[in-house]
Every structure is written in structure tokens, then in C-alpha cells.
Amino acid sequence: MKTVKILGAGPSGLSAAINLSQNDYNVDIFERNLDVGSSAKGNLQGVENWSEDLDLIEEFKKMNIKTNFHCEPFKNLRITNSKENWDFSCNKPAFYIIKRGTDKSSLDQGLKKQALDNGVNIRFGETAPISDVDIVATGGDPKFKFAVGKGISFETEHENIAVGLVNNYHAFKGYSYLLVSNGFGCIATVLFAGFQDLNKYFKRTVDEFQANYDLKEKHPDKFSGYGSFSNQIMKKGDQILIGEVGGFQDLLWGFGTRNAIKSGYIASKSILDCEDYCKLAGNHFKPKLNSSIVNRFIWEKFASNNYSIILNRIYNSEDPLKYLNSFHNFNFLQKLTYPFALFYMKYRYPNLKL
Ligand SMILES: Cc1cc2nc3c(=O)[nH]c(=O)nc-3n(C[C@H](O)[C@H](O)[C@H](O)COP(=O)(O)OP(=O)(O)OC[C@H]3O[C@@H](n4cnc5c(N)ncnc54)[C@H](O)[C@@H]3O)c2cc1C
């Protein structure tokens with residue numbers, strides 16, 4: 001039996017491990033923490049359901065991932081700039097809410113259980129040199145940071161709700177959100193510039209949501225983190241890079257979880273079918289990554305002073321999710337805009353490998 005060694009037991013590493021272990025591979029994962037999801041603090045995440053044609057749950061099935069964790073479909077979403085509201089009611093889930101952390105219902109624990117049930121050996125509290133492993137799945141790399149986030153997770157009796165808040169007073173060039181799903185809640189702000197003022201924007205965000213929603217938060221816990229992006233790194237020497245350490249993020253809004261799980265699946269396929277990982281991953285991700293460079297360029301240059309224009313466009317489109325989907329395929333207009341967007345982004349984010 002062949003052995004594959006993976007560094008990091010986040011969604012990307014566990015997805016690769018689950019698929020390899022189902023196909024007669026011994027899998028060893030080195031996880032530096034004592035449990036999966038240890039640094040997440042129970043925050044809720046929205047896993048978007050518009051960038052692919054396939055529904056997320058169907059895609060999970062295709063990737064041999066069982067939904068043994070909290071994963072609640074949300075068709076309704078309010079976007080507000082705190083003056084105007086846009087209430088979206090979609091004909092299919094716009095996103096699924098999952099929980100991160102060490103709670104039994106979290107994505108991390110669900111994936112861990114699937115991996116352990118398949119015989120994966122997770123070596124908690126251990127690490128290894130990159131040169132000793134086959135797959136690197138260590139999450140964000142501070143060198144390629146493009147956004148920072150800060151939030152608070154809590155328990156609440158408020159009904160399920162998802163609200164996105166976009167204006168430069170609450171999150172400069174970014175956004176804030178309130179999510180409540182099955183008794184768990186989360187308020188967060190994500191910035192794409194002015195990182196040093198994160199605390200100020202976070203406080204404003206919490207004040208805004210607390211003033212407008214009767215949340216009665218219990219057992220609050222703070223969390224923070226950052227997103228890292230590149231459209232260039234999929235390998236480092238002989239090692240395959242998956243998830244955020246491979247740059248598989250969304251430069252527009254920072255949705256990385258779906259990409260992480262998918263890149264783990266693609267890595268396992270490349271090993272099982274003896275195919276070139278960069279080619280397989282590039283075919284799937286390059287159009288999405290390049291699109292997100294253009295999308296952020298457009299968002300910052302033409303939308304972030306007045307989000308109403310772009311929000312009205314999305315709201316008034318026949319099918320908002322289909323409309324959003326069209327911005328993830330590196331379409332003809334995006335290809336035309338790409339050289340300008342790339343030039344701008346290289347200047348705007350000199351640290352990113354683009
Ligand atoms: C505050 C915040 C909110 C977010 N919200 C959303 C959202 O709503 N929707 C969405 O789609 N995405 C969201 N994301 C992004 C998403 O969480 C990441 O893209 C995703 O977790 C990446 O998965 P990963 O497996 O690459 O890395 P991670 O989830 O970071 O897992 C990496 C694992 O590797 C381990 N590790 C790291 N270094 C080593 C080492 N040297 N040795 C051993 N182990 C190591 C870590 O302990 C960790 O367990 C958010 C991110 C943050 C920070």
C-alpha cells in the first residue's frame with residue numbers, strides 16, 4: 001500500500017485524505033493543533049452556491065464528501081448599505097451555512113470523522129518539514145494576505161437570518177455580515193484595505209447589528225483571521241499545494257471553503273489517476289481565480305463608492321444567482337479587462353503573487 005503524507009487537517013487536507021483513503025492509500029496527516037478546527041472558535045461561514053453550475057451538496061457527493069455536519073441551505077439574504085435594503089429571495093440556495101471549529105456539528109469535525117472512519121492517521125500536535133510531505137494544506141500564508149476579518153460568534157434564540165452590510169463606514173472596500181443558523185450566530189467584518197483600523201470597523205459593525213436585531217447573544221467568543229490569494233502557486237518543489245496555501249481563494253469576497261475542499265479532491269484525483277496536478281487544478285481554478293482579480297478590480301474602481309448601482313443590477317436581474325455565476329467563468333469581457341485589472345492589482349497588492 002502506498003502512503004501519502006499531508007501537512008494540515010483543514011477542509012482541503014481532510015478532503016484529499018478522505019478521497020485517497022477510500023482508494024487503498026495509507027494517509028498520514030500532520031496537524032499542529034490538538035484537534036481540527038481549533039483556531040476557528042465556532043464561527044459560521046457561508047459557503048457560496050453560485051460560482052459553480054452544480055449545487056454544493058451535489059458537488060460534495062461527487063467529491064465523496066458526506067454531509068455529516070451542519071450545512072443549512074439559505075435562499076433568502078438581505079443586503080443593506082444601512083440606508084437601503086435589498087431582500088433577495090432565490091429559487092435555490094444562495095449559500096449554505098456551515099460551522100467551523102471543534103463543536104460536534106462543525107465542518108471540521110464532520111470531515112475528521114469521515115477521514116478517521118476511512119482509517120486516516122491524524123497525528124495531532126505534530127508537524128513535519130514541507131520537504132517530507134506530499135501535500136501541503138496549511139491554510140493562509142501571511143505573505144499573500146489580501147483581506148483581514150474579525151468577528152464574534154455566539155448562541156442566540158433569534159430566528160435564522162443572513163444579512164450582508166456593505167458601505168465604507170462599516171467595512172472599508174469590504175463587507176460585514178450577520179448570520180444566524182439553528183441557535184448559533186456570528187457577526188463579522190472583512191476589510192480589503194486599511195487593515196490597521198479593523199477594530200474600529202468591527203465595533204461599528206457590532207453596534208449596527210445590535211441596534212437593528214434583537215440578538216441577545218450568549219457565550220460570545222471572538223475570532224479573527226486573514227485570507228491569502230494567488231493565481232500562481234499550485235506546487236512548491238515536488239509538493240502539491242491545496243486550499244489557501246495554494247492561493248485558491250476568491251479575491252472579490254474571500255469565499256475559500258468550497259475551493260479548499262475542491263482542491264483537495266483534485267489533488268487526490270491527480271495522485272490516483274497519475275495526472276499532472278497543476279494541469280488539473282489549473283483547468284478548474286485558473287478561470288475562477290483570474291475572474292476574481294477582474295471582479296475585485298471592478299468592485300473597487302466602480303462600485304465601492306456607491307454600492308447601490310451594482311446591487312440594483314444584481315437585484316433586478318432575472319436570476320441573481322445565474323447573474324453572479326456569469327462572473328466566475330472568465331467570460332469574454334473579463335478576458336478583455338484582465339490586463340488592466342492585473343496591472344492595478346499588482347500595484348494595489350504588491351505582496352501577492354499574480
Ligand atoms: C474569519 C474568516 C471567515 C471566513 N469566512 C468564510 C466564509 O464565510 N465562506 C468561505 O467560503 N470561506 C471563508 N473563509 C475562508 C476559509 O475559512 C478558508 O479559505 C478555508 O478554511 C481554507 O481551508 P484550508 O484547508 O486551506 O486551510 P485551514 O482551514 O486554515 O486549515 C489549515 C490547517 O493546517 C494546520 N496547519 C497549519 N500549518 C501547519 C503546520 N506547519 N503543520 C501542521 N499543521 C499545520 C492548521 O492548524 C489548520 O488545521 C473565512 C476565513 C476567515 C479567516
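Mentor: Let us start with the lining of the largest cavity, which by class has four nonpolar, five polar and four charged residues. Please keep in mind throughout that this is a predicted model.

Trainee: How many residues line the largest cavity, and which of them lie nearest its centre?

Mentor: The lining comprises 13 residues, and those nearest the centre are Glu48, Asp250, Asn259, Lys288 and His328. Two elements, helix 5 (257–272) and helix 6, each give two or more residues to this lining. The largest share is that of helix 6, with three residues. The space in this cavity amounts to about 130 Å³, and the structure holds one cavity of 30 Å³ or more.

Trainee: How does one read an open space, such as the second largest pocket?

Mentor: One asks for its volume, its lining and the parts of the chain that supply the lining. The second largest pocket has a volume of about 330 Å³. Its lining consists of 17 residues, with Asn295, Ile298, Ile310, Phe327 and Gln334 nearest the centre. Helix 6 (277–303), helix 7 (307–316), helix 8 (320–325) and helix 9 (332–348) are the elements that give two or more residues to it. Helix 6 provides the largest share, four residues.

Trainee: What is the make-up of that lining by class?

Mentor: The second largest pocket is lined by 12 nonpolar, five polar and no charged residues.

Trainee: Let us turn to salt bridges. How many does a search of the whole structure find?

Mentor: The search finds 18. Asp35 is in the loop between strand 2 (25–31) and strand 3 (44–48), whereas Lys112 is in helix 3 (residues 107–117), so the pair ties together parts that are 77 residues apart in sequence. Lys112 is buried, with a relative accessible area of 15%.

Trainee: Which residue forms a salt bridge with Glu300?

Mentor: The partner of Glu300 is Arg348, and the closest N and O atoms are 2.6 Å apart. Since Glu300 lies in helix 6 and Arg348 in helix 9, this pair ties together parts that are 48 residues apart in sequence. Glu300 counts as buried, at 5% relative accessibility.

A further salt bridge joins the side chains of Lys200 and Asp197 at 4.0 Å, N to O. Here Lys200 is partly exposed, with a relative accessible area of 39%, and Asp197 is partly exposed as well, at 27%. Salt bridges may also form a network, as they do in linking Glu59, Arg258 and Lys262.

Trainee: Lys112 brought us to helix 3. How many residues of helix 3 are buried?

Mentor: Eight of its 11 residues are buried, so helix 3 is largely enclosed by the rest of the structure. Among the buried residues are Leu107, Leu111, Lys112 and Ala115. The cover over the buried residues includes helix 1 (11–21), strand 7 (95–99), strand 8 (121–124) and helix 5. After helix 3 comes Gly119, with a positive phi near 90 degrees.

Trainee: Finally, into which domains is the chain divided?

Mentor: The division gives domain 1 (2–72 + 103–143 + 228–285), domain 2 (146–226) and domain 3 (293–348). The centres of domain 1 and domain 2, taken over C-alpha atoms, are separated by 26 Å. Their contact takes 22 residues from domain 1 and 17 residues from domain 2.

Terms used: Residues are numbered from 1 along each chain as its sequence is written. This is a predicted model: local features need pLDDT of at least 70, side-chain atom pairs count only at pLDDT 80 or more; totals for chains, interfaces and linings use all residues. Side-chain values use heavy atoms; hydrogens and water are left out. On a 1 Å grid over the protein atoms alone, a cavity is a set of points where a 1.4 Å probe fits but cannot get out, and a pocket is an open set with protein on both sides within 12 Å along at least five of seven lines; lining residues have an atom within 4 Å of a point. Grid points are joined across faces, edges and corners, and a volume is the space filled by probe spheres set on the points. Ala, Val, Leu, Ile, Met, Phe, Trp, Tyr, Cys and Pro count as nonpolar, Asp, Glu, Lys and Arg as charged, and the others, Gly among them, as polar. Buried means under 20% relative accessible area, exposed over 50%, partly exposed in between (1.4 Å probe, protein chains only). Contact means heavy atoms within 4.5 Å. Domain bounds come from an automatic or database domain assignment.
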